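Student: Could we go through the packing in this model, with each label set against its cut-off? I would like to see how each conclusion is reached.

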Amino acid sequence: MFNKEIETLPLEKLRKLQSERLVNLVNRVYKQVPFYKNQFDENGVDISKIQSIDDIHKLPFTKKTDLRDQYPFGFLTVPQDKLARIHCSSGTTGKPTVVAYSKKDLDIFSEVVARSLAAGGAKPGMKMHNSYGYGLFTGGIGIHYGAEKLGMTVVPVSVGMTDRQIRLLQDFQSEVICCTPSYAQTIAFELEKRNLSISDLNLKYAILGAEPWTDVIRKDIEDSLAVKATNIYGLSEIIGPGVSQEAYNEQGTGSYVWEDHFYPEVVDKDTGEPLPYGEEGVLVFTTLTKEAMPFLRYWTNDICSLSYDESNSRTHIKMSTIKGRADDMLIIRGVNLFHTQVEEVFKEYKQLAPNYQLIVTKEGLSDRVEVKVETNLEFQQELGYGNGFTKEDIAKNTKLVSISNKLKKNIKDTVGLSMNVTLNCYGEIPKSEGGKLKRIIDLRNS
Ligand code: DLL
């Protein structure tokens, strides 16, 4: 553990620390952020009544639209000349979301990333191949400084130019790789294409996040890169990567939220009411220690559940994997659908690679879903399509036709919705910038 004292702090002490931090924060933002003063006054929030972390539900939520309305610096609680760094979203869907950090915030950022990397198996002295995008995205730089803080040697390669990545992985023999799960799959694919053996590399741990992924993808990456793969979660508004992390020796049981800094709640997506442990809802965070741009009850839109188990190695709470985003939940002909439900069906098929996209369109008054999914290289080679296949090839090949028909039926039986299935060759489905794969393209309103 990077910070054993805090990571194993007895619950009672953790709650006391959170309470002190919350009271301090509420008083600070009431005085310094006009947005919060107005919100408290309008909602009748009496700050003298916020005395412990159990009072947190009395506070209003902060939403992404509020950040856009306060663009760029409306949420600042320090003068601009005290800022040490500014990150922001790409702003492709409107004004970018700005997040600003003081020197103290950057220290906290490195601390939580160092804790996360250590929980994911990384150790001082190991080399870290960092393929998260560097720049305005918090992934690259955030992981970078956390790895240095842990005492690792960082290879700041960023995303893309996979040829060079593979050469550096071979030459430097890095033990840890950090990137999106979809980029880890791209690297594995390129290795296979070049007939390189994983024994040419020295990878042991992959710390993956920035997009939703499931156990199907985990298995694919662990098999193809010979690593232990763990989940790292975070979002720029809260700090960046390192809000939570799965421990490498507790895989599959959720990711520890570093709740001395980020207090999590899961709430009902329609009513905002807090939900008990184990129930799925929208994840909400309060940044208990952030100095420059703190947020109260920030509505992440990510869907998950929280769970606490006394036998865990750390006392901090765990969050489940992200099932999807509240705004990613599709309603298809009246039925709620997360893309991860379709992904579950792919588990049965050893011919498929877990790269897929759901394209939703309107056909008359009805919704139409097309599932694009890639076949894997091994299967393609078996069929004699090592270099890929065309639409015409699919129609002519009985094995390909049979798989897409079987898949269509399985999806209908499992998810309860009819969808069209299109097979794509490995590597054909485009990845978006920074290595994040867009799983849903909803064209119904365009
Ligand atoms: O993606 C920060 C990050 C960088 C996290 C590197 C992990 C590793 P944003 O670009 O602000 O920040 O995107 C945040 O990405 O609300 C989730 O919807 C999604 N997300 C991030 N990590 C995970 C994960 C970074 N492990 C948004 N699983 C979040 C599922 C994730 N979704």
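Student: What makes K63 a charge that sits over the ring of W299?

Tutor: The rule asks that NZ of Lys or CZ of Arg be within 6 Å of the ring centre and within 35 degrees of the ring normal; the charged end of K63 is 4.0 Å from the centre of the W299 ring and is counted as sitting over it. K290 likewise lies over the face of Y101, at 6.0 Å from the ring centre. This is a predicted model, in which local features need pLDDT of at least 70 and side-chain atom pairs count only at pLDDT 80 or more, while totals for chains, interfaces and linings use all residues. Residues are numbered from 1 along each chain as its sequence is written, and side-chain values use heavy atoms, with hydrogens and water left out.

Student: Why is the pair of Y36 and F75 called edge-to-face?

Tutor: Rings of Phe, Tyr and Trp (its six-membered ring) pair if their centres lie within 6.5 Å, and planes under 30 degrees apart count as stacked, over 60 as edge-to-face and the rest as tilted. By this rule there are 15 aromatic pairs. For Y36 and F75 the centres are 5.5 Å apart and the planes stand at 65°, so the pair is edge-to-face. Y36 belongs to helix 3 (residues 34-42) and F75 to the loop between helix 4 (64-69) and strand 1 (83-88), 39 residues apart, where helices (H or I, at least four residues) and strands (E, at least two) are DSSP runs numbered from the N terminus. Both residues are buried, meaning under 20% relative accessible area, with exposed over 50% and partly exposed in between (1.4 Å probe, protein chains only).

Student: How do you know that F346 and Y356 are edge-to-face, and which elements do they tie together?

Tutor: Their ring centres are 5.3 Å apart with the planes at 65°, so the edge-to-face label applies here too. F346 is in helix 10 and Y356 in strand 18, so the pair joins parts 10 residues apart in sequence.

Student: Why is helix 10 described as largely enclosed?

Tutor: Six of the eight residues of helix 10 (residues 339-346) are buried, so the rest of the structure largely encloses this helix. The buried residues are H339, T340, V342, E343, V345 and F346, and they pack against elements including helix 9 (215-225) and helix 13 (398-415), contact being heavy atoms within 4.5 Å.
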